[in-house]
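Please read this briefing beside the sequence and the model, taking one topic at a time.

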Amino acid sequence: MTTISQFIEYLDSEFGTLQICADQKGITSIGFVKEKPKTTKSGEVTKQAVTQLQEYLAGTRSLFDLPLNPKGTEFQHQVWQQLRTIEYGQTCSYADIAKGINNPKAVRAVGAANGRNPLTIVVPCHRVIGSNGKLTGYAWGTAIKAGLLALEQKTV
């Protein structure tokens, strides 16, 4: 008997279609896709993620409670964990994240790790802005970043 080791579900949102992937241990990635296949391989954890993301997008959830299993280096995991400390509706700079992981000179490396975050929204890389207060790059485009920040500001 073989077991399904990969689960995939999709969620249509005002920002685009989110693809949620998981393995037996937890969510491995969440990201926007241009197209979705007609079939999905639902799992309990992907269903849970869809529900929590729907609640977030409706403005009724500010924290996620999901098992996560992203792939990355030890440094990336440090950065991603620090991103999860940014409170809903708040922003911080790459320098703040670097200080938070006790590596204040690693601002550029933090930016690179932030850009490789495989768990958009749940690990809130959209809450990181430039030290000048301006929106900086976002893997899914600054329009989506601005929209997510505006969504959070409406419900704070």
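Strand β1 (residues 7-13) and strand β2 pair in the antiparallel sense over seven bridges, where strands count as paired if DSSP finds at least two bridges between them. The model is a predicted one, in which local features need pLDDT of at least 70 and side-chain atom pairs count only at pLDDT 80 or more, while totals for chains, interfaces and linings use all residues. Residues are numbered from 1 along each chain as its sequence is written, and side-chain values use heavy atoms, with hydrogens and water left out. Helices (H or I, at least four residues) and strands (E, at least two) are DSSP runs, numbered from the N terminus.

**Strands and hairpins**

- β1 and β2 form a hairpin with two residues between them, and S13 stands opposite G16 in β2.
- β2 also pairs with strand β3 (residues 27-33) in the antiparallel sense, over six bridges, and I20 stands opposite I30 in β3.
- The hairpin of β2 and β3 has four residues between the strands, and G26 in the turn has a positive phi of about 160°.
- Strand β2 (residues 16-22) is mostly covered, since five of its seven residues are buried, a term that means under 20% relative accessible area, with exposed meaning over 50% and partly exposed in between (1.4 Å probe, protein chains only).

**Helix α4**

- In helix α4 (residues 107-115), the residues V110, A113 and N114 are buried. They lie on the same side of α4 because they cover an arc of only 100° around the axis, the arc being that of the directions from the helix axis to the C-beta atoms.
- The buried residues of α4 pack against α2 (74-83), α3 (94-100) and β5 (128-129), where contact means heavy atoms within 4.5 Å.

**Nonpolar core**

- The largest nonpolar core has 39 residues, and those with the most contacts inside it are L53 and L83; such a core is a set of buried Ala, Val, Leu, Ile, Met, Phe, Trp, Tyr and Cys residues joined through side-chain atoms within 4.5 Å.
- The elements that give two or more residues to this core are β1, β2, β3, α1 (44-57), α2, α3, α4 and α5 (142-155), and the largest share, six residues, comes from α1.
- Not counting residues up to four places away in sequence, L53 touches L11, L18, I20, I30, F64, I121 and V122.

**Cysteines**

- The count of disulfides is zero, a disulfide being a pair of cysteine sulfur atoms within 2.5 Å.
- For C21, the nearest cysteine sulfur, that of C125, is 16 Å away, and for C92 the nearest, again that of C125, is 11 Å away.
- C21 is buried, with a relative accessible area of 7%, and C92 is buried at 14%.

**Aromatic rings**

- The structure holds three aromatic pairs, with rings of Phe, Tyr and Trp (its six-membered ring) pairing if their centres lie within 6.5 Å, and planes under 30 degrees apart counting as stacked, over 60 as edge-to-face and the rest as tilted.
- The rings of F32 and W140 have their centres 5.7 Å apart and their planes at 65°, so this pair is edge-to-face.
- Because F32 lies in strand β3 and W140 in the loop between β5 and α5, the pair ties together parts that are 108 residues apart in sequence.
- F32 counts as buried at 11% relative accessibility, whereas W140 is partly exposed, with a relative accessible area of 32%.
- The rings of Y56 and F64 have their centres 5.6 Å apart and their planes at 40°, so this pair is tilted.
- Y56, F64 and Y88 form one aromatic cluster.
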